[in-house]
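Trainee: I am new to this structure and would like to go through it step by step. Please show it to me before we start.

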Amino acid sequence: MNLHGRLASQSGIIFAARLGGAGLVFLAQAMIARLWGPQLLGEYLLVTATVNLIAVVMPLGFHTVGTYFSAEYRARGERRLFLTFLMRAYGNVVGAFVLLLLAGAPFLTLIGLGHGVLADHFVPVALLAFGTALVYVNGAVLVGLKRPFAGFFADTMFRPMLVIAAFLATMGLASPTEGFSAMLWVVGLGYVAIALMHFGFVIASVDRVADNMPARPDEARRWWRFALPWVLISLGTDFFFDIDLLLLSHALTREELAIFGVCTRIFSLVSFGVAAVYAVTMPDMFESEAKADRAAFRRKVGEANLVASAISVALFLGIVLTAPLLLRLFGLSFVAGALPLAVLCLALVLRSVMGPASLVLSIHNRPYASLPFVALGIGSLALCNWLLVPPFGLMGAAFSAMIAITVWSVGQWWIALRTAGMDVSIMQWFRSRRAVPAPAE
């Protein structure tokens with residue numbers, strides 16, 4: 001099967017799994033909104049956003065580069081370096097979890113949140129963050145070892161199944177507040193158990209890395225050089241909407257926040273369809289770069305970009321047609337999010353067309369080059385929220401997000417073109433097609 005076909009088939013399977021899992025999450029969130037009210041749904045979305053932001057920091061960036069180094073060490077047969085990398089990555093997560101348990105509650109009190117939803121449910125939130133961080137590392141490593149299905153399914157399938165099961169088990173308690181608290185405990189403990197089982201797949205996959213080469217010196221410095229900037233890049237891009245929800249928590253009512261939060265979760269699902277394309281092709285891209293095959297590297301980036309762009313357009317059209325029906329599941333008031341959701345998905349098309357600039361910059365040993373434009377994107381988000389949300393509400397929040405995504409996407413494309421000398425936009429694929437000589441007659 002050619003690369004186009006493999007990308008479409010494997011990413012399609014991953015996306016289908018994510019779609020099924022998202023269906024369970026949406027069902028749970030719709031039932032929370034209808035049975036416990038939009039207020040508690042807003043609280044749940046704030047908890048989820050906070051957990052995601054904590055979890056992405058806990059590995060100190062090693063999950064963001066886990067795919068890269070796992071693929072490199074597998075290609076070179078450097079098992080000893082691979083095992084040392086794993087110990088450092090998981091050590092970061094465990095150390096951060098201990099620090100969170102010791103200092104998290106006092107820190108919330110210090111910043112004036114000692115009686116909010118996070119403080120009231122601190123231990124289950126910490127457990128859920130720990131399990132999520134482990135799954136981030138597990139998934140990145142498994143994708144690098146060419147096991148994308150095992151890498152993604154813990155988060156795409158088992159976490160949603162746990163959420164819906166926890167809600168069904170606790171929805172009959174005396175009051176919605178008690179049920180919500182019990183649900184968080186079940187999800188927190190259950191996801192730690194899932195993460196540990198997921199870790200078992202990593203251990204079982206170590207044999208995929210041959211032990212042919214001695215350990216190279218100064219690899220730890222190289223890990224940190226890549227990992228630290230990727231913490232900030234990941235926060236500002238992959239967890240952009242978690243930051244946005246926290247920024248909006250003081251500008252929107254809890255019901256409006258719940259509506260926008262549901263829209264961002266649908267957007268995250270849609271954007272996963274694009275991310276799955278790059279997840280399938282990343283190990284091959286890394287191998288081409290490790291073997292100094294620049295022509296193959298450029299070809300694979302271009303083909304992945306073409307597939308990702310086509311998928312993003314198809315998903316945008318699908319959301320335009322189905323958004324009112326999807327949002328009606330949460331209640332009639334949620335239909336107000338249909339147009340904002342369409343705006344967010346249009347931003348995904350723009351981001352996909354501009355290509356995986358951050359990935360290419362890191363492969364070319366320039367991971368820090370992305371940071372100014374990631375920061376500019378977050379700054380644009382904060383400024384546009386301040387200007388547009390008070391007068392325009394949900395539509396103002398959607399246009400603020402679209403502007404910020406466009407700013408960082410175009411900026412990173414430009415810096416990749418300027419510093420790495422590579423156009424990662426979809427235009428690169430069209431140019432490469434024109435450059436192919438016609439076959440001799």
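Mentor: A pocket here is an open set of points, on a 1 Å grid over the protein atoms alone, where a 1.4 Å probe fits, with protein on both sides within 12 Å along at least five of seven lines; lining residues have an atom within 4 Å of a point. The model is predicted, so local features need pLDDT of at least 70 and side-chain atom pairs count only at pLDDT 80 or more, while totals for chains, interfaces and linings use all residues. Residues are numbered from 1 along each chain as its sequence is written, and side-chain values use heavy atoms, with hydrogens and water left out.

Trainee: Which residues lie nearest the centre of the largest pocket?

Mentor: The lining of this pocket is made up of 21 residues. Those nearest the centre are Thr50, Ile54, Leu100, Gly104 and Phe107.

Trainee: Which helix gives the largest share of that lining?

Mentor: Helices are DSSP runs (H or I, at least four residues), numbered from the N terminus. At least two lining residues of the largest pocket come from each of α2 (38-57), α4 (79-110) and α6 (122-144). The largest share is eight residues, and the helix supplying them is α4.

Trainee: What is the volume of the second largest pocket?

Mentor: A volume is the space filled by probe spheres set on the grid points, which are joined across faces, edges and corners. The lining of this pocket includes Glu43, Leu118, His250 and Arg254, and by class it has six nonpolar, four polar and two charged residues. The volume of the second largest pocket is about 300 Å³.

Trainee: Why is helix α10 described as largely enclosed by the rest of the structure?

Mentor: Buried means under 20% relative accessible area, exposed over 50%, and partly exposed in between (1.4 Å probe, protein chains only). The buried residues of α10 include Phe240, Ile243 and Leu248. Helix α10 (residues 240-248) is largely enclosed because the buried share of its nine residues is seven.

Trainee: Which residue meets Arg222 in a salt bridge?

Mentor: A salt bridge is a side-chain nitrogen of Lys or Arg within 4 Å of a carboxyl oxygen of Asp or Glu. The N to O distance for the Arg222 pair is 2.6 Å, and its partner is Glu72. Arg222 sits in helix α9 (residues 219-236) and Glu72 in helix α3 (residues 66-76), so the pair ties together parts that are 150 residues apart in sequence. Both are buried, and the residue asked for is Glu72.

Trainee: Which helix holds the partner of Arg265, Asp242?

Mentor: The side chains of Arg265 and Asp242 form a salt bridge at 3.2 Å, N to O. This pair links distant parts of the chain, 23 residues apart, with Arg265 in helix α11 (residues 254-290) and Asp242 in helix α10. Arg265 and Asp242 are both buried, and the helix that holds Asp242 is α10.

Trainee: Which backbone oxygen does the side chain of Thr67 reach?

Mentor: Thr67 belongs to helix α3. Thr67 has a relative accessible area of 8%, so it counts as buried. At 2.8 Å, its side chain reaches the backbone oxygen of Ala140.

Methods: Ala, Val, Leu, Ile, Met, Phe, Trp, Tyr, Cys and Pro count as nonpolar, Asp, Glu, Lys and Arg as charged, and the others, Gly among them, as polar. A polar contact is a pair of N or O atoms within 3.5 Å; within protein, one must be able to donate a hydrogen and the other to accept it, and residues adjacent in sequence count only if both atoms are side-chain atoms.
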